[in-house]
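User: Please go through this model with me, one point at a time.

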Amino acid sequence: MAEKRIVLLGPPGAGKGTQAQWLCDAMDIPHLATGNILRAAVANNTPVGVMAKPYLEQGRLVPDDVVVGVVVEAIDEAKKNSLSGYVLDGFPRTLRQAEALQKVLLKRKEKIDKVILINTPDAVVMERLSQRRSCPDPLCGAVYNVKSKPPKVDNICDLCGKPLVVRDDDRPETIEARQKQYWHDTAPLIDYYDRKGLLVEIPGEGPLYEVAGRIMEAVSKIKRPSFRKRPEGEAQANKDGQGEESANGPQDGKEAARESKEG
Ligand code: AP5
């Protein structure tokens, strides 16, 4: 099977983690979530964890160099197990991280196949995050929602039986800080990947399974690029080593995200 490398992009609480888990199960590829990796590092008191802890607590971004290092390690680990691709959830989150990722992939003659923007309005994510309950076990990390995805037994993880917790950064003031950070540092990636023809925007509202269906549809449209026949307008993108046809057309994601932000 050809490797598939997919990036999930979207504001905090858009459903990246939930959808990534389903997508990875369906495709049998690993879920590389920087938030989960950093929380595990904090729980295990590793040097990265000690450094990252105050950033996570305040909803601020951990410095690029640290996160890039963590991701390269996770990608290497996935490759060692000869797994066929991965889903990146929560990375890249700044233009510097995106450029660093591209450099690493180019060196390895690899590329991102698709960037899926889960476009979810701020008010919706605010409500979802206030209802989120998470398994505190870094090896489990299952995510629930008291309304849309409750555990079978009240407040107990279905998978490992641990009592569920409200994440430290799911307090209203921290959620707001994370949203601001998203629009300031991460939203520019929408244009960045749109220009490369990699972006597909899907609405993040609606039942979980409907959102999952939209993502699966976007992923099923991934094609290996034919280097003999380059689609019009992708010359620059392919020169960058990143060209790919976007299922919704290059403008869709950018415009929908702006509308959501403005409306
Ligand atoms: P991270 O863990 O990545 O947090 P995030 O991006 O803010 O994303 P969330 O985990 O909050 O939301 P999600 O989109 O995964 O939504 P979920 O599926 O849980 O990062 C945490 C911190 O780590 C950052 O603040 C930063 O400090 C640091 N960090 C991480 N990556 C970094 C990087 N690259 N650079 C620098 N620092 C970094 O869903 C949310 C809730 O909604 C759940 O309860 C879920 O059940 C529910 N839900 C989901 N979809 C639906 C739906 N369709 N309908 C109803 N409910 C739904």
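The questions and answers below cover confidence, folds, a helix face, a cavity and backbone angles.

User: What should I know before reading the numbers?
Analyst: This is a predicted model, where local features need pLDDT of at least 70, side-chain atom pairs count only at pLDDT 80 or more, and totals for chains, interfaces and linings use all residues. Side-chain values use heavy atoms, with hydrogens and water left out, and residues are numbered from 1 along each chain as its sequence is written.

User: Which helix of the protein chain has the lowest confidence?
Analyst: pLDDT is the predictor's confidence in each residue, from 0 to 100. The protein chain averages 85, and 83% of the residues score at least 70. Confidence is highest in helix α8 (residues 188–195), at 97. The lowest mean, 39, belongs to helix α10 (residues 235–239).

User: How many helices and strands does the protein chain have?
Analyst: Helices (H or I, at least four residues) and strands (E, at least two) are DSSP runs, numbered from the N terminus. The protein chain comes to 11 helices and 7 strands.

User: What share of the 263 residues counts as buried?
Analyst: Buried means under 20% relative accessible area, exposed over 50%, and partly exposed in between (1.4 Å probe, protein chains only). By that cut-off, the buried share of the protein chain is 46%.

User: Which element do the buried residues of α3 pack against?
Analyst: Helix α3 (residues 47–58) has Gly-49, Ala-52 and Leu-56 as its buried residues. Seen down the axis of α3, they fall within an arc of 80°, so they line one face of the helix. The arc is that of the directions from the helix axis to the C-beta atoms. Their packing partner is α2 (34–43).

User: Which element gives the most to the lining of the largest cavity?
Analyst: A cavity is a set of points on a 1 Å grid over the protein atoms alone where a 1.4 Å probe fits but cannot get out; lining residues have an atom within 4 Å of a point. The lining is formed by Val-68, Val-71, Val-72, Ile-75, Phe-91, Ala-100, Leu-101 and Val-104. Two elements give two or more residues to it, α4 (64–80) and α5 (95–107). With 4 residues, the top contributor is α4.

User: What is the volume of the largest cavity?
Analyst: Grid points are joined across faces, edges and corners, and a volume is the space filled by probe spheres set on the points. The count comes to 1 cavity of 30 Å³ or more. Its volume is about 30 Å³.

User: Which residues does the cis peptide bond join?
Analyst: Most residues other than glycine have a negative phi, and most peptide bonds are trans. Here omega is about -5°.

User: Is Asp-28 buried or exposed?
Analyst: Phi of Asp-28 is positive, near 55°. Its loop runs between α1 (16–27) and β2 (31–33). With a relative accessible area of 59%, Asp-28 is exposed.

User: What is the relative accessible area of Asn-155?
Analyst: Asn-155 also has a positive phi, near 65°. Asn-155 lies in the loop between β6 (143–145) and α7 (172–186). Asn-155 is partly exposed, at 34%.

Definitions and conventions
Contact means heavy atoms within 4.5 Å. On a 1 Å grid over the protein atoms alone, a cavity is a set of points where a 1.4 Å probe fits but cannot get out, and a pocket is an open set with protein on both sides within 12 Å along at least five of seven lines; lining residues have an atom within 4 Å of a point.
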